[in-house]
Amino acid sequence: MSSPTFDSAKVTVIFVLGGPGAGKGTQCADLVKDFNFCHLSAGDLLRAEQNREGSEYGDLIRTCIREGTIVPMEVTIKLLENAMTDALKQKSGEGWTDGRGRFLIDGFPRKMDQALKFEETVCVSSCCLFFSTTEEVMLNRLLERGKTSGREDDNVESIKKRFRTYKNETMPVIDYYGSQGKLAEVDSSGTVEEVHKLASEVVNDVFAGKYPRK
């Protein structure tokens, strides 16, 4: 069997999961500043790809985003792998010498088959950072964001579809990483600063080798 593209002894991958509006993007931005991560948002990569001239995946991605369904994993995994390869060539500073790198992969994996395929073909993850909060908090945040985001899925109907997809598809992934001893749950209902403090503690634990790499 072929081994993953990246060696997990050199490349740290932290999956960042949580429901729509749980605060993943906000927290990732702060962790990037503090720990020199490369932040890859699966959703942002897909949104950029759907608008890229000549993209073979554009129409497919657009339909999935509009319907609140999950884009075929081969597409998402290939976009992530390409972005990781680019970052390893270009990025420098702490954690980025001799083929080393550190990635926050946000909003992925959303399904169990995505998790297994990514770890088999791209890189074994170090930890899954799970931001948990209530649907009420997430809905309010998304509707507020929708006033300025320009995102076509920040409306009540699309948000409710996304909540359903998340509950049915993504919670089993979170349970799986819990069973592997690789899950760190952070309550993201508090202020940005409070949540950041908790998330930073998790990252420090990852770098200290407190999570198993299976």
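A word on the source: what you see is a predicted model.

I'll start with the overall layout. The sheet is open and has five strands, in the order β2-β3-β1-β4-β5, and the pairing is parallel. The edge positions belong to β2, residues 38-41, and to β5; each has a single partner strand, so one side of each lacks a neighbour in the sheet. From one strand to the next, the twist averages 20 degrees.

Now the pairings. Strand β1, residues 11-18, pairs with β3, residues 101-106, in the parallel sense through six bridges. Within that pair, Val11 stands opposite Gly101 of β3.

Two helices that pack on the sheet come next. Helix α2, residues 42-51, touches β2 and β3, and its direction makes about 65 degrees with that of β2. Helix α8, residues 192-207, touches β1, β3, β4 and β5; here the angle with the direction of β5 is about 165 degrees.

That brings me to β4, residues 127-132. What does β4 pair with? On one hand, five bridges join β4 to β1, running parallel, and Phe15 has Cys128 as its bridge partner in β4. On the other, five bridges join β4 to β5, residues 183-187, also parallel. In that pair, Phe130 has Glu185 of β5 as its bridge partner.

Are the residues of β4 buried or exposed? Six of its six residues are buried. Both faces are covered: Cys127, Leu129 and Phe131 lie on one side, and Cys128, Phe130 and Ser132 on the other.

Notes:
Residues are numbered from 1 along each chain as its sequence is written. This is a predicted model: local features need pLDDT of at least 70, side-chain atom pairs count only at pLDDT 80 or more; totals for chains, interfaces and linings use all residues. Side-chain values use heavy atoms; hydrogens and water are left out. Buried means under 20% relative accessible area, exposed over 50%, partly exposed in between (1.4 Å probe, protein chains only). Helices (H or I, at least four residues) and strands (E, at least two) are DSSP runs, numbered from the N terminus. Two strands pair if DSSP finds at least two bridges between them. Axes are lines fitted to C-alpha atoms, for helices over the stretch in contact, and angles run from 0 to 180 degrees between N-to-C directions. Contact means heavy atoms within 4.5 Å.
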